[in-house]
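Colleague: I have a model open and want to talk through one of its chains. Can you put it up here?

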Amino acid sequence: MSESNDTHEIQKEIRTYLLVFGALLVGTVLTVMASLIDVGAAWNMTIGLVIACTKGFLVAGYFMHLMSEKTTIYAILAFTVFFFLGMMLLTVAADSDVPAV
Amino acid sequence: MEIPHTVKPRPDTGLYNSKIGIWLFLASEVMLFGALFSTYILLRVGAPEGTWPKPGTMLNIPIGTINTCVLIMSSVTVVLAWASLKLNQFKRFKLFQAGTILLALTFLVIKSFEYNDKFTHYEVIKKDGTVINGHLVSQDSKHVVLEGAILPVKGEHKLGDHPNQQPAHQHDHEHDHEGGGDKAGQNAQGGESTHGETGQQAHGSESGHAESGGGHHQEFEIARSEIKDMDNYGPWFNTYLAIYFTLTGLHALHVFGGAVVIGYLWGPGSKMWHTEPERFTNRIEISGLFWHFVDLVWIFLFPVLYLL
């Protein structure tokens, strides 16, 4: 890639970063506002986590460049996702494991 | 001997080595925080009905929101600093990274104010059963002075119980009901004098103003001989505060560590730019990846601890 092409690419990326920045701020305001409206604990929880996941996706995808990363990184993260989900599922499994009183 | 693949990608992975390194490290970090998040879930699901604090009763939501924005902004300055190096603009890099360091310090200062607010927040159970909850004004060997309100409790009360109990006369709000059916009328034990005035300040969820209340708090001078039990809102106070301090404390350590590394690469470490610019740019990318991860963790901590 030529030097000027590279510069152009980076400048385009900078615009993306600023858009993501705006989206993250909006997400923060939304998540606070949503938490103040009582739609039942389960829904509040779901909405809060969906917004958090979206924000997390934006940070990981754009700031951490995961949208365009090499396969090796994806391979590492596949393991992480697997074990992370496993750990979270354990909490679900534990939920039904109630000791008899 | 030269360290291999600090700039040139390794043929088999297609990446310079430190990038693999940081991602392996971040993978282990995901598991570390993941374990604590699942701990949080188990503690919360397992907490007896009505004992988990309602949003806004423990922490100040506006302060948490500001801190979230501070951290997001710092993530942007980090990525812009890296982009500046890619564009060969070293001065702009310096400027953006200085911003990052200042934002990191701002985050830590705000966090320490929040911590301080917890450590000076006391609950006192008097021998006559009255429970007074408020911030420490002063104390000596004979007296403890708290600025706060009397909690309307019924029956046996232990420190850390019923975090959702509102001070007397909190006007009705749908959030306040659970476990609070014993509101009005329970204050008799609190004594007439305090009855009317403790109403407005409420550690209420509607204002989101959990601490450092709005001027209506009343001062209570309590003789030590009347006190049955007292403790502050440290991690020992209840389950919520235990996991709150664990999660945010570990996160704050990460913020501190990240700021040290970014500070080094901003100061003495930045000399490398003049000798090995590409390698230096990669270092900034790596420290940036760590920083974004720290931001990412906070993006989940904020709703989980402050809002939900």
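Modeller: One term before we start: two strands pair if DSSP finds at least two bridges between them. Bear in mind that this is a predicted model.

Colleague: Fine. Which residue stands opposite Val144(B) in strand 4 of chain B?

Modeller: Ile222(B). Strand 3 and strand 4 of chain B pair in the antiparallel sense, over six bridges.

Colleague: And how many bridges join strand 2 of chain B to strand 3 of chain B?

Modeller: Eight, and those two strands run antiparallel. Strand 2 covers residues 131–139 of chain B. Val131(B) in that pairing stands opposite Leu151(B) of strand 3. A hairpin through three residues joins strand 2 of chain B to strand 3 of chain B.

Colleague: Is strand 3 of chain B mostly covered or uncovered?

Modeller: Mostly covered. Strand 3 of chain B spans residues 143–151, and seven of its nine residues are buried. For chain B as a whole, 55% of the 308 residues count as buried.

Colleague: Back to strand 4. Is Glu221(B) buried or exposed?

Modeller: Exposed. Glu221(B) lies in strand 4, residues 218–223 of chain B. Its relative accessibility is 58%, and exposed means over 50%, so Glu221(B) counts as exposed.

Colleague: Different topic. What does the secondary structure of chain B come to?

Modeller: Seven helices and five strands. Along the sequence, the pattern of chain B is α-α-α-β-β-β-α-β-β-α-α-α.

Technical notes: Residues numbered from 1 in each chain as written. Chains lettered and ligands numbered in written order. Predicted model: local features only at pLDDT ≥ 70, side-chain atom pairs only at ≥ 80, totals over all residues. Heavy atoms only, no water. Helix = DSSP H or I, 4+ residues; strand = E, 2+ residues; numbered from the N terminus. Buried < 20%, exposed > 50% of the residue type's maximum accessible area, 1.4 Å probe, protein only.
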